Amino acid sequence: TQLAATALDVVPKDRAKINDALVAYTSSELLCHRAEHPEDLVRQQHEVWQPIIDWCKGGFGVDFSLGGGVMPVRQQKETIETLKMALKSFDDFLIAGLSLAVDSSGSLILGLALAEGHMKAEEVLKAAELDVDYQARTWGKDPVTQARQDAVLADLKACESWFSMLRN
């Protein structure tokens with residue numbers, strides 16, 4: 001109901017702002033910020049994230065630049081423009097769900113993968129939380145983090161159901 005209300009009441013009047021906010025994720029795209037060490041984390045990020053980036057490249061014709069550390073990775077102008085055009089082609093209902101999926105996962109690429117049915121909610125969470133889960137395996141689980149992940153998964157599952165209904 002919340003997504004339907006957003007699609008009907010919010011998206012039509014704020015569409016340009018919402019699209020701009022979604023495209024803004026390209027400068028902080030989670031999957032483009034790679035660890036430089038430890039080696040096992042570097043390997044895990046590549047194994048989990050690279051196939052998703054490759055899928056996005058194949059599906060949307062965009063080529064993301066990767067970087068190490070936490071500084072923003074400047075994306076090519078063509079990538080940004082292509083994503084803007086893709087978002088303009090989405091209807092308000094898809095944008096409402098995509099906005100929640102992207103905000104929840106912290107990744108435009110993961111949001112698109114969920115919206116397109118390429119990934120399930122649990123897979124998106126696993127990819128989005130790869131670094132956090134690595135730290136939990138190293139230092140132990142944190143109940144606050146687990147509660148946040150549970151809430152994120154609930155949002156992603158709602159989006160997954162939403163996108164499924166939109167496709168049908």
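## Helix α5

Helix α5 is mostly covered, with eight of its eight residues buried. These values come from a predicted model. The buried residues of α5 are L108, I109, L110, G111, L112, A113, L114 and A115. Their cover includes α1, α2, α3, α4, α6 and α8.

L110 is one of these buried residues. Apart from neighbours within four places in sequence, L110 is in contact with L30, L31, I52, S105, M119, V124, A127 and A128.

## Nonpolar core

The largest nonpolar core has 50 residues. Within this core, L98, L110 and L112 have the most contacts. Two or more residues come from each of α1, α2 (39–60), α3 (77–89), α4 (92–105), α5 (108–115), α6 (121–128), α7 (130–139) and α8 (143–167).

In soluble globular proteins, nonpolar side chains tend to be buried together.

## Aromatic pairs

The count of aromatic pairs comes to two. One of them joins W55 and F60 in an edge-to-face arrangement, at 5.9 Å centre to centre and with 80° between the planes. The pair is classed as edge-to-face because its angle of 80° is over the cut-off of 60 degrees. Both W55 and F60 are buried.

## Nonpolar surface patch

L8, F93 and L166 make a nonpolar surface patch of about 260 Å². L8 lies in helix α1, which spans residues 2–24. L8 counts as exposed because its relative accessibility is 56%, and the cut-off for exposed is over 50%.

Definitions and conventions
Residues numbered from 1 in each chain as written. Predicted model: local features only at pLDDT ≥ 70, side-chain atom pairs only at ≥ 80, totals over all residues. Heavy atoms only, no water. Patch = residues over 30% accessible without salt bridge, like charges linked within 9 Å, V, L, I, M, F, W, Y side chains within 5 Å. Areas by Shrake-Rupley, 256 points an atom, 1.4 Å probe, with all protein chains shown as cover. Salt bridge = Lys/Arg side-chain N within 4 Å of Asp/Glu carboxyl O. Helix = DSSP H or I, 4+ residues; strand = E, 2+ residues; numbered from the N terminus. Buried < 20%, exposed > 50% of the residue type's maximum accessible area, 1.4 Å probe, protein only. Phe/Tyr/Trp six-rings, centres within 6.5 Å; stacked < 30°, edge-to-face > 60°. Core = buried A, V, L, I, M, F, W, Y, C linked by side-chain atoms within 4.5 Å. Contact = heavy atoms within 4.5 Å.
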